[in-house]
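Take a look at the chain below.

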Amino acid sequence: MFFIPQSKTDLIHTNFIESQLEDEKELFDSFKKLNSSAQLHYLADLFNRDEEKNVLEWIVDSPLCDYGTALLIFWRAQPDFYTQFADKSEAGYEKDTYRLLQKILGNYRDGKYKKARIKYLPQEDGQDIENNYPDQKWEIPEEFKWGNHGRAVISMEKINNFLFNLRHQWKEMQRQRKRNKRRKNNRS
């Protein structure tokens, strides 16, 4: 398991998730403060794909980008839809996403994703790996469908949420036990 420290999750939330930063240089300066593959994965996992595509390109172009992270970005972009386009001019207003997908494929073919330590399994993420789109102009590599059996990325936020839910379930079990005891005593 890869652990993201609270300071980095705060940086990611403040600058990329909750922020409305318009200045690309300022945003890129914040991006450069991320210094591990796990931090890039955490950002990619939370990032709204309808927002600035440059952030996703920075991630896939980074030497820190893990194969599992590249797969996460690739599959969440719903690549089956884009297989109908032979090039970015055919993709029209979808050209930015098409270009991002092709960049990931090119980086993969060039051996850029040497690290494959972060877990990403497309089917576990709810992705449909069976490309049934008619008139495909390019193929999704078979190995992309297999995913990457690495280690999970976890943040303090996820740990705190897990503990909160566990405490909530425990309290609910105790309440139910008391209710059952009262019912039993009332019947006697």
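Which residue with a positive phi follows helix 8? Gly-111 does, with phi near 75°. Keep in mind that this is a predicted model.

Stay with helix 8 for a moment. The helix covers residues 95-109, 15 residues in total. From first C-alpha to last, helix 8 reaches 21 Å. That is close to the 21 Å expected at 1.5 Å a residue. Several of its residues are buried: Thr-97, Tyr-98, Leu-100, Leu-101, Ile-104, Leu-105, Gly-106 and Asn-107.

Glu-57 touches Leu-100, along with Arg-99 and Lys-103, leaving aside residues up to four places away in sequence. Glu-57 itself lies in helix 4, which spans residues 53-61. Is Glu-57 buried or exposed? Glu-57 counts as buried because its relative accessible area is 11%, and the cut-off for buried is under 20%.

Gln-78 sits in the loop between helix 5 (67-76) and helix 6 (79-82). Its relative accessible area is 52%, so Gln-78 is exposed; the cut-off for exposed is over 50%.

Asp-135 is another non-glycine residue with a positive phi, about 55°. Where is Asp-135 placed? It is found in the loop between helix 8 and helix 9 (142-146). Asp-135 is exposed too, because its relative accessible area is 65%.

Phe-28 falls between the two classes. This residue belongs to helix 2, residues 24-31. With a relative accessible area of 33%, Phe-28 is partly exposed.

Now turn to strand 2, residues 153-155, where Ile-154 lies. What does Ile-154 touch, not counting residues up to four places away in sequence? Its partners are Met-1, Phe-2, Phe-3, Ile-4 and Ile-159. Ile-154 and Tyr-42 stand 112 residues apart along the chain, yet their C-alpha atoms are separated by 8.0 Å.

How does this look across the whole chain? Take the contacts between residues at least 6 apart in sequence: 77% of them join residues at least 24 apart. The protein chain has 10 helices and 2 strands. In sequence order, the pattern is β-α-α-α-α-α-α-α-α-α-β-α.

Next, the overall dimensions. The radius of gyration of the protein chain is 21 Å, whereas a compact globule of 188 residues would have one near 16 Å. Along the principal axes, the C-alpha atoms fill a box of roughly 80 × 40 × 30 Å.

Of the 188 residues in the protein chain, 41% are buried. The accessible surface comes to about 11,600 Å². Carbon and sulfur atoms account for 49% of that surface.

The protein chain carries 32 positive and 30 negative charges. How far apart are their mean positions? They lie 15 Å apart.

Key: Residues numbered from 1 in each chain as written. Predicted model: local features only at pLDDT ≥ 70, side-chain atom pairs only at ≥ 80, totals over all residues. Heavy atoms only, no water. Helix = DSSP H or I, 4+ residues; strand = E, 2+ residues; numbered from the N terminus. Rg over C-alpha atoms; globule rule 2.2 N^0.38 Å. Buried < 20%, exposed > 50% of the residue type's maximum accessible area, 1.4 Å probe, protein only. Contact = heavy atoms within 4.5 Å. Areas by Shrake-Rupley, 256 points an atom, 1.4 Å probe, with all protein chains shown as cover. Lys, Arg positive; Asp, Glu negative; His and termini not counted. Charge placed at Lys NZ, Arg CZ, Asp CG, Glu CD. Expected span 1.5 Å × (residues − 1).
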